[in-house]
Amino acid sequence: MNPLQQIARKAATAGILQAIGSPERSEQLLAQLRELPDSALDSMAALYGIPEEQHPIFRAHMRGQQNPFLDELGGVDGKLHIGDVILMTGSSARSKALVAAQKPFYLRARSSHVAIVHADFVCLDAIPGVGVSNRLIQEVLSDVDDDWRVIRFKGVSADHIDLLMRACAFYLAQPYKLRPRWRSGKESAYCSELARKIFLDCGITRSGIPVGPIVAPAHFDELADMHPKFDSSAPNSATTADRRHVESTTCSAHRAALAERV
């Protein structure tokens with residue numbers, strides 16, 4: 001993606017997420033999108049990197065029409081809140097090795113990747129070769145182990161929602177770089193550090209997230225298991241039905257490509 005496309009994508013995403021911050025603006029935006037011709041919606045889909053063969057599903061989704069995508073997402077509808085943190089382990093050998101390497105941080109480490117919920121069905125994460133991007137929940141959970149879980153910090157209030165959405169949009173298109181540092185990186189990010197700095201940017205304190213030079217997915221595992229202010233039971237882990245819902249909407253070719261990112 002060239003720099004101009006990155007700027008356009010970041011601006012478009014930020015505008016949409018800001019617009020859905022209130023019911024009134026959300027309805028206005030949806031009404032405008034539903035009136036767009038197919039060509040305009042296809043251009044929007046291309047801007048977001050959606051494969052051409054999936055453009056009809058995208059158009060139906062944007063217009064609120066019945067389509068397989070919405071049918072399958074019903075499995076996680078209502079289970080995710082803005083600011084929730086998703087902990088997961090990829091099915092690749094590399095992901096398993098990453099979990100093992102984190103045992104010095106937390107003996108019961110089980111996660112290789114962290115994502116944060118940005119909006120309905122939309123997550124933000126940082127992955128090698130791509131950087132910080134928005135991905136739909138079924139993409140994020142493609143080719144991961146069944147024991148993924150969602151944790152929720154009890155200190156996140158309604159007052160934080162708009163701040164969280166804006167903070168997530170701010171880091172879109174930031175390059176991926178795994179580098180220890182004492183302060184939040186403004187020029188690059190890796191998955192668990194991205195979640196930490198979004199919390200800090202929103203003034204969410206006393207979360208227990210480490211402030212040292214390294215914050216790993218294992219640290220979030222420890223918070224899920226031990227910290228009294230992290231709720232890992234609502235929702236907790238995926239059921240087999242949840243996995244079938246989110247996985248069946250991802251084409252096999254796309255799933256194979258995503259396997260190299262987690």
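Q: New to this one. Which residues of α10 are buried?
A: In this predicted model, the buried residues of α10 are P217, A218, H219, F220, D221, L223 and A224.

Q: OK, so what does that say about the helix as a whole?
A: Helix α10 runs over residues 217-226, and seven of its ten residues are buried, so the rest of the structure largely encloses it.

Q: What covers those buried residues?
A: The cover includes strands β1 (85-88), β2 (113-119), β5 (149-153) and β6 (230-231), along with helix α9 (191-201).

Q: Let's look at E193. Where is it, and is it buried or exposed?
A: E193 is part of helix α9. Its relative accessibility is 0%, so E193 counts as buried.

Q: Which residues does E193 touch, beyond its neighbours within four places in sequence?
A: With those left aside, E193 contacts R181, R183, S184, G185, S188 and V215.

Q: Changing topic: how many aromatic pairs are there?
A: The structure has three aromatic pairs. One of them is F153 with F199, a tilted pair with 6.3 Å centre to centre and 50° between the planes.

Q: Where do those two sit in the chain?
A: F153 is in strand β5 and F199 is in helix α9, 46 residues apart, so the pair links distant parts of the chain. F153 is buried at 4% relative accessible area, and F199 is buried too, at 1%.

Q: And why is the pair of F170 and Y171 edge-to-face?
A: Their ring planes are at 90°, with centres 4.9 Å apart, so the pair is edge-to-face. F170 is partly exposed at 48% relative accessibility, while Y171 is buried at 1%.

Q: Which rings link into a cluster?
A: F153, F199 and F230 do, through ring pairs.

Technical notes:
Residues are numbered from 1 along each chain as its sequence is written. This is a predicted model: local features need pLDDT of at least 70, side-chain atom pairs count only at pLDDT 80 or more; totals for chains, interfaces and linings use all residues. Side-chain values use heavy atoms; hydrogens and water are left out. Buried means under 20% relative accessible area, exposed over 50%, partly exposed in between (1.4 Å probe, protein chains only). Helices (H or I, at least four residues) and strands (E, at least two) are DSSP runs, numbered from the N terminus. Contact means heavy atoms within 4.5 Å. Rings of Phe, Tyr and Trp (its six-membered ring) pair if their centres lie within 6.5 Å; planes under 30 degrees apart count as stacked, over 60 as edge-to-face and the rest as tilted.
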